[in-house]
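Subject: Structure handover

Hi there,

Here is the structure I promised to pass on to you. Have a look at it first, and then read on for my notes.

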Amino acid sequence: MEEETPTEAPEAEEPTLDVMQYVRALWRRKWLILGVTAVMVLVGVLYTLRQPKIYAASTSLIIDVAAPRVLDTDVKEVMGDERGNYWANKEYYQTQSEVITSRAVASRVADRLGLRNDPAFLGVEGIKDEAARKKAMESMDAVALVRSRISVIPSTNSRVVRIAVEDVDPKRAALLANEVAEAYIAENLALKLKTTEGASAWLEERLSELGSRASSSEMDLYKFKRSADVLSLATEGKAGQQPSSAKQAYDSYMAELITVRTKMANIQAKVEAIRQLRKNPNPEAEHWAEGLPEANEGALRDLRTQVLEQRTACVELSERYLPDHPKMQECQGKLAVMQQELRRSLDNLVRGAETELAAIQATERNLLTRVAEAKAEAFQITEKEIAYEKLRREAENDLRLYEMVLKRFKELELSGLLRTSNVRVLDAALPNPVPVRPNTRSAVMLFFMLGLLGGVAVVVGLEFLDASVATRADVESRLGLPFIGAMPPLKVEEGSPTDLFIHRHPRSHAAEMCRAIRTNLLFMSPDKPFRTVVVSSAGPSEGKSTVVINLGMVMAQTGTRVLLMDTDMRRPRLHKAFGVPDDVGVSSLVVGEGSLERAIKSTDVPNLFVLPCGPIPPNPAELLHSRAFSELLGKLRERFDCILLDSPPLGPVSDALVLSKQTDGILLVLKAGSTHRDQAKRAIRALRDVKAHVIGALLNDADGKNSRYDYQTYKYYGSYGAERDEQRTAS
């Protein structure tokens, strides 16, 4: 019979993550999650009960930025730095927290309470041997234990700090908290005093050194005065100080010189004016003397007036007399005498001006000499003043430093005697009878959450690692095969056979699911129904024989003549299921022994017949691949409407591959949750390699109570299909 080979779909790729798959897995394995959670809670309770009880006590402190100001504000302490901004205060309080938990404070506490020799505190009181206990105590660090139990808890937006201490004894916890507070206050004072003492020692050394330097500077200043032969020197330009004698003389000479030069300039101008007037072409003295201011004053003015009057008289006489007239000569003689007297007076005036000019010039030269001498002396004094000022500044600086260090030294001496602290206790610690650890409720809740998360993680891990074929999505998406249906587990009474379960329970869910598979097979090829179908599996013990029997039963219920043909010539089973003899069967007919009528056995199910395997041959694959088997299959097609061939699994042997090429198709049975996905893929790949027609796959042993197999959907569809089949059978 020539068959058409349908086009096979390519191998399906792995689908993406299905969230609902993991949700269903969580519900399916809820008891596992609850078990893990219960175990974790039990472990948490036992662990919590075995833990020692820890008690806590706390002491409240008020920590000011600076200690109370007892002394005057001018007296500054070494560590009295005022902090005014937020970040400086925050840094300060963080530093104090580190001081509280420091080894120095813990060491003070250990020394005061004798904790280094306290077996109860060190936790070695359980050691009975005295030598072993002593050795254990020596190896332990009591200071480190104290530090490990101290915690500092600052209060928000306040200067209050709590020192909390934890211990197995509530009374000792309170005692340790109070002692830590006292040790912190003592350490603060000790640090302050240590710093003050160090600063005082340093200042004392500097004080002695600066005192020597100040005395030496003053002595150098005194020696300079003696060597310079001066009692005191005044710096130029300093307010409230008189200038030096050389400077005063220089200033006096310069003022006098300026006065002389001014006067000399006036006289020189006068002499020059007289000289210019004398160069007048008019020889008459009274004419050029008119430009002299002195000529218009005193005797010269009278003399000039007389000369003018005499000349006027001579002019009048010249109008009446001749020049030789005695009166004219007498008048001319008087005029000449007067003019000569005037000329002599004017000459004396000129000589007086020139003499005065010479005298003032001599005075100027003398003053210039005096100014030069005073200037040289002033320069010498200025040079001495520079050296003097240098020595004086050094002496003043040394004295100022000495006084400043002396003042600071006295302040530190005074502040060192003051025992004030910026820390004070607000509330002392009291024993608290309620332990802070272990917190049983919190521990149980924590272990409950851990157990719940652990159970979920275990379930998700198992689901992720599970590579079996379990759901319809696995068949369709991961294997790329049409899904035919699912067979639930057949629950029978002990000792009853499972193969005829559907025949004995036709209204069971298993029967309905089997009818759904039958309906799906009919709809797979409605125009050309499958007449010869090989039923195989990927591996052994997956229920293929049970599927063949049950599927044959529901097909026979529709009035179809169905033959169950046992071609599993290695482990035949159909004859046992129906209780028929196996002396003549497929192997006998292929080799020509026996008749077809004798080999085919009827069953209790109407229209259902069985062809057993017959004697097991040594070469099953060659026997199934023979021409005689093909002819036998052709004869059976003529007598039956549908033939279901029970074949061996695909994995171990190749019998199913041989049968798939001689039939209409092969139906692959997969055991839900048991068949490995890779094993199923290898079986499908082998079928595709020989170009076999794979009708589809069905899941066997799909538990309806397990949500993983989506059994409720299959059950409903099976019920619906069964109802239609019953109607068809009745008609």
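How many helices and strands are there in the protein chain? The count comes to 25 helices and 12 strands. Please keep in mind that this is a predicted model.

Some totals to start with. The protein chain has 731 residues, and 41% of them count as buried. It exposes about 40900 Å², of which carbon and sulfur atoms supply 55%. If you take the contacts between residues at least 6 apart in sequence, 80% of them join residues at least 24 apart.

Now for the cysteines. Searching the whole structure turns up one disulfide. Cys-314 and Cys-331 are the two partners, with an S to S distance of 2.1 Å. Which hand does this disulfide have? The torsion about the S-S bond is about -115°, so the disulfide is left-handed. Because Cys-314 sits in helix H11 (residues 298-318) and Cys-331 in helix H12 (residues 326-416), the bond ties together parts that are 17 residues apart in sequence. Both Cys-314 and Cys-331 are buried.

Helix H16 (residues 509-524) packs with helix H17 (residues 544-556) at an angle of about 75°, and their axes are 9 Å apart. Angles of 65 to 115 degrees count as roughly perpendicular, and H16 and H17 are therefore roughly perpendicular to each other.

Is Val-444 buried, partly exposed or exposed? Its relative accessibility is 24%, so Val-444 counts as partly exposed; the cut-off for buried is under 20%. Setting aside neighbours within four places in sequence, Val-444 is in contact with Val-41 and Val-45. Val-43 is 401 residues away from Val-444 along the chain, yet the C-alpha atoms of the two are separated by 9.2 Å.

Methods
Residues are numbered from 1 along each chain as its sequence is written. This is a predicted model: local features need pLDDT of at least 70, side-chain atom pairs count only at pLDDT 80 or more; totals for chains, interfaces and linings use all residues. Side-chain values use heavy atoms; hydrogens and water are left out. Buried means under 20% relative accessible area, exposed over 50%, partly exposed in between (1.4 Å probe, protein chains only). Contact means heavy atoms within 4.5 Å. A disulfide is a pair of cysteine sulfur atoms within 2.5 Å. Helices (H or I, at least four residues) and strands (E, at least two) are DSSP runs, numbered from the N terminus. Axes are lines fitted to C-alpha atoms, for helices over the stretch in contact, and angles run from 0 to 180 degrees between N-to-C directions. Angles under 35 degrees count as roughly parallel, over 145 as roughly antiparallel, 65 to 115 as roughly perpendicular and the rest as oblique. Accessible areas come from the Shrake-Rupley method with a 1.4 Å probe; for residues, only the protein chains shown count as cover.
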